[in-house]
Amino acid sequence: MRDYVIGIDVGGTNVKLGLFDGGMQLVSELKYLTDKDATATELMNYLSQQVCALLEKAGLSLRNVKGVGAAFPSSVDFRRGVTLESINIVSLNEQPVRDLLEKRLEVPVFVDNDANVAALAEHRFGAGRGYDNMIYAALATGIGGGLILNGQLYRGMHGMAGEIGHMFISDSTGYPCGCGVNGCVQSISSGVYMARYAMDRIKEGEESRILDYAGTLSNVDLVAVGRALQMNDPLALEVVNRGAEYLGRMFHNLNQIFDINIFVYGGGITKLGHRFTDRMVASYRHHSLIDQKFPAKFLPAELGERAGIIGAALLVN
Ligand SMILES: [Zn+2]
């Protein structure tokens with residue numbers, strides 16, 4: 001019986017695979033380090049071998065598999081099965097990953113963007129259960145998102161819907177974003193850019209415990225900022241408030257467009273804790289025109305690291 005589905009989450013650091021039975025129960029999983037220097041062919045060859053290893057572990061074979069879903073850290077043309085622009089794994093730029101995998105595995109393959117599949121997973125099994133409309137925001141090294149409209153994942157005309165990190169939010173703040181534009185919310189509020197702002201302020205002479213925790217200026221990261229925040233360090237507080245303020249504005253803009261106020265958020269930045277999320281929510285409520293009448297729900301994502309494999313497997317059904 002072809003009852004089983006496989007979900008693959010290709011990340012910049014790890015590749016995770018999960019095998020699910022017909023009731024979407026996780027049967028086994030597997031993880032390995034991403035080889036960022038490999039060619040697309042090498043990546044797909046190794047990935048296919050790992051799919052077989054995952055099945056072998058459970059005493060199954062590809063004959064038991066209904067389909068495979070795979071998520072990539074890039075924009076993805078879902079209909080054509082092509083990864084469009086992959087900043088994390090450069091060799092996956094403009095690659096027909098669906099066809100490459102189908103040729104090797106000989107089962108139906110579906111591919112999508114990582115934030116889209118996380119949105120699917122949170123909507124079906126996580127914090128977004130029971131809501132017809134929700135917006136998922138991945139707040140991490142970068143900022144990504146997925147839109148669930150009327151119970152369905154909305155991909156847009158080119159598969160690029162929900163790329164909320166590139167929402168233009170200020171022409172006077174922030175750094176040039178990876179996309180080349182100055183003023184994307186990602187270039188102010190993502191983990192990398194919050195750390196960079198802290199670093200630059202310290203470079204300019206600001207005293208901060210962030211530096212004590214980081215050791216050296218080039219080691220300043222969000223973990224060091226978070227530890228200094230716990231000690232009420234003024235610069236850490238400023239960095240975190242600044243990032244949270246612009247995220248609140250981002251959610252407000254999303255609400256203005258979609259009239260959706262169910263926000264599910266996950267990702268590494270949320271480890272900064274409630275002082276960060278409280279400020280983000282307060283910023284939204286401050287800017288929102290309708291929040292008093294229709295209070296927004298900000299819900300922490302529930303599926304953690306497994307959201308990717310779960311959502312990728314859901315692409316099959
Ligand atoms: Zn951008």
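**Figure 1. Helix 3 (residues 114-125) and helix 10 (residues 307-314) pack at an angle of about 90°, with their axes 7 Å apart.** That angle makes helix 3 roughly perpendicular to helix 10. By the convention used here, angles under 35 degrees are roughly parallel, those over 145 roughly antiparallel, those from 65 to 115 roughly perpendicular, and the rest oblique. Axes are lines fitted to C-alpha atoms, for helices over the stretch in contact, and angles run from 0 to 180 degrees between N-to-C directions. Please keep in mind that this is a predicted model: local features need pLDDT of at least 70, side-chain atom pairs count only at pLDDT 80 or more, and totals for chains, interfaces and linings use all residues. Residues are numbered from 1 along each chain as its sequence is written, and side-chain values use heavy atoms, with hydrogens and water left out. Helices (H or I, at least four residues) and strands (E, at least two) are DSSP runs, numbered from the N terminus. At the meeting of the two helices, Val117, Ala118, Leu120, Ala121, Glu122, Arg124 and Phe125 of helix 3 touch Ala307, Gly308, Ile310, Gly311, Ala312 and Leu314 of helix 10; contact means heavy atoms within 4.5 Å.

**Figure 2. Five strands form an open sheet of mixed pairing in the order 3-2-1-4-7.** Strand 3 (26-33) and strand 7 (109-113) stand at the edges with a single partner strand each, so one side of each is left without a neighbour in the sheet. From one strand to the next, the twist averages 15°. Two strands are said to pair if DSSP finds at least two bridges between them. Strand 4 (residues 65-72) runs parallel to strand 7, joined to it by 5 bridges. Within this pair, glycine 69 stands opposite phenylalanine 110 of strand 7. Helix 3 packs on the sheet too, touching strand 4 and strand 7, and its direction makes about 100° with that of strand 7. Helix 1 (residues 40-57) lies across strand 1 (4-10), strand 2 (14-20), strand 3 and strand 4, running at about 145° to strand 3.

**Figure 3. A further open sheet of 5 strands has mixed pairing and the order 10-9-8-11-12.** Strand 10 (152-154) and strand 12 are its edge strands, each pairing on one side only. On average, and ignoring direction, neighbouring strands of this sheet are turned by 25° against each other. Strand 9 and strand 10 are antiparallel and share 3 bridges, with isoleucine 148 opposite leucine 153 in strand 10. Helix 3 packs on this sheet, touching strand 8, strand 9, strand 10 and strand 11, and makes about 50° with the direction of strand 9. Helix 9 packs on the sheet as well, where it touches strand 8, strand 11 and strand 12 and makes about 155° with the direction of strand 12.

**Figure 4. Strand 11 (residues 262-266) and strand 12 (residues 297-300) run parallel and are joined by 4 bridges.** Across this pair, isoleucine 262 stands opposite lysine 297 of strand 12. The chain passes from strand 11 through helix 9 (residues 274-287) to strand 12 in a right-handed β-α-β crossover. Right-handed here means that, with the strands pointing away from the viewer, the path from the first strand over the helix to the second runs clockwise.

**Figure 5. In the largest nonpolar core, of 48 residues, those touching the most other members are Leu139, Ile210, Met250, Phe251, Phe276, Met280 and Phe298.** Elements giving two or more residues to this core include strand 8 (134-139), helix 5 (191-203), helix 6 (209-214) and strand 11. Helix 8 gives the most, with 10 residues. A nonpolar core is a set of buried Ala, Val, Leu, Ile, Met, Phe, Trp, Tyr and Cys residues joined through side-chain atoms within 4.5 Å. Leaving aside residues up to four places away in sequence, the contacts of leucine 139 include Leu247, Tyr265, Phe276 and Met280. Another core, of 31 residues, lies apart from this one, and Leu19, Leu60, Leu92 and Leu101 are among its members.

**Figure 6. Glutamate 245 is found in helix 8.** Its relative accessible area is 15%, so glutamate 245 is buried. Buried means under 20% relative accessible area, exposed over 50%, and partly exposed in between (1.4 Å probe, protein chains only). Not counting residues up to four places away in sequence, glutamate 245 touches Arg279, Ser283 and His287.

**Figure 7. Glutamate 94 has a positive phi of about 55° although it is not a glycine.** Glutamate 94 lies in the loop between strand 6 (82-85) and helix 2 (97-105). With 52% relative accessibility, glutamate 94 counts as exposed. Asparagine 232, also not a glycine, has a positive phi of about 60° and sits in the loop between helix 7 and helix 8.
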